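Biologist: Please take me through how the terms for this model are decided, one value at a time.

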Amino acid sequence: MHKLWLIFAQTVTIVLAALFVVSTLRPELLPWQSRGGGGAVVTIKEAVVSDTARQNASLPASFSDAAQKAMPSVVNVFTSKEVKIASHPLMEDPMFRRFFGDRFESPQSRRASSLGSGVIVSSEGYILTNHHVIEAADEIEVALADGRKAKARVIGSDPETDLAVVRVDMEALPTMTFGHSDNARVGDVVLAIGNPFGVGQTVTMGIISALGRTHMGINTFENFIQTDAAINPGNSGGALVDASGNLIGINTAIVSRTGGSLGIGFAITTSVAKQIMEQIIQTGGVTRGWIGVEVQDLTPELAESFKRPNTNGALIAGVLKGGPADRAGVKPGDIIVAVKGSPVVDSSVMLNLIAALLPGEAADITVMRNQTEKSIQINVGKRPTPAPQEQYQDPDTME
């Protein structure tokens, strides 16, 4: 009898010890732990106290140093231009014109003022801004953060990326340090510097909300940084800088129903801006490749109709008669899948790849035709300059 009690006691001791070990090291293996709370065990990742303390210590208590570094290089841009005023609606009435003739019709125009921002990029006086800030301007005046003012002249502009370069004759100009926009990450802290609503130089803070934004319908060539840093009218052409005060973007547009900031602003990356700026300074304009086609993205429905496994590629909706693509044998309905070996994901990528080609060179374009891959050699042409739109402005409004 005594021997049985001894065996029982040893068994209970071993079982309790095993339960203790399991409950300590792997509690999720216990049935009552799995049922506890009415749900499955959730595994979470907790930061080590020392790591959290280190991260908090690396964040600056203020971004004043970054702002003070960048602000002197951001200028206010004031422009004025002659704009036509639309004639009175009655002048379009044939009966009115029949009785009164053209006696009431006379050329009408007025000077409209506009404001924006710019970034000093060179000690030689070159300033980077938006095309729409200086478009059709008769006079451009630049005001520096230190109070100095000077007349500026346009060196060149590129409507398709909404970038322009102007120049002032001034000495001891503070220049902006270029950062690396290609290294930017979603969540990085950024500062937007400009002259919103003409109130004077202003700094707003936010984060990078997204990278590589395209298909926004803002410019022909798009590769935007999206940010929630407040950008308002007047900020156009101003600087988007990182937490170190280095330029990573040129503020250019906002999405808004009211005209004010709703936390969705867009900046042109410095990787694009620098390339365009250098071409404008060297040649006064931008030269791009062109093949004379109209393209559209492949939707899932179109991809299915063309028996494509995915939506990669750019569908050719039209071919300009006598253009480079037409002479090479490209047809509507072809799907461009590669340009000189670089894959085409969508129409925006295809547009950028074609634009990067040198006019006059022969380039191999890979297309899908009748589910068969075909390589076509095209002699690249020069992309035509967009025709400027005639400017009209309501007399009761001012930009």
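Modeller: About 370 Å³ of space lies in the second largest pocket, a volume being the space filled by probe spheres set on grid points joined across faces, edges and corners. This is a predicted model, in which local features need pLDDT of at least 70 and side-chain atom pairs count only at pLDDT 80 or more, while totals for chains, interfaces and linings use all residues. Residues are numbered from 1 along each chain as its sequence is written, and side-chain values use heavy atoms, with hydrogens and water left out.

Biologist: What makes a residue part of the lining of the second largest pocket, and which are closest to its centre?

Modeller: A pocket is an open set of points on a 1 Å grid over the protein atoms alone, where a 1.4 Å probe fits, with protein on both sides within 12 Å along at least five of seven lines, and lining residues have an atom within 4 Å of a point. There are 19 such residues, and the closest to the centre are Gln 275, Ile 276, Arg 288, Asn 352 and Ala 355.

Biologist: Why is Thr 269 called buried?

Modeller: Buried means under 20% relative accessible area, found with a 1.4 Å probe and protein chains only; Thr 269 has 6%, and is therefore buried.

Biologist: What makes the pair of Thr 269 and Ser 271 a polar contact?

Modeller: The term needs a pair of N or O atoms within 3.5 Å, one able to donate a hydrogen and the other to accept it, and the side chains of Thr 269 and Ser 271 make such a contact at 3.0 Å.

Key. Buried means under 20% relative accessible area, exposed over 50%, partly exposed in between (1.4 Å probe, protein chains only).
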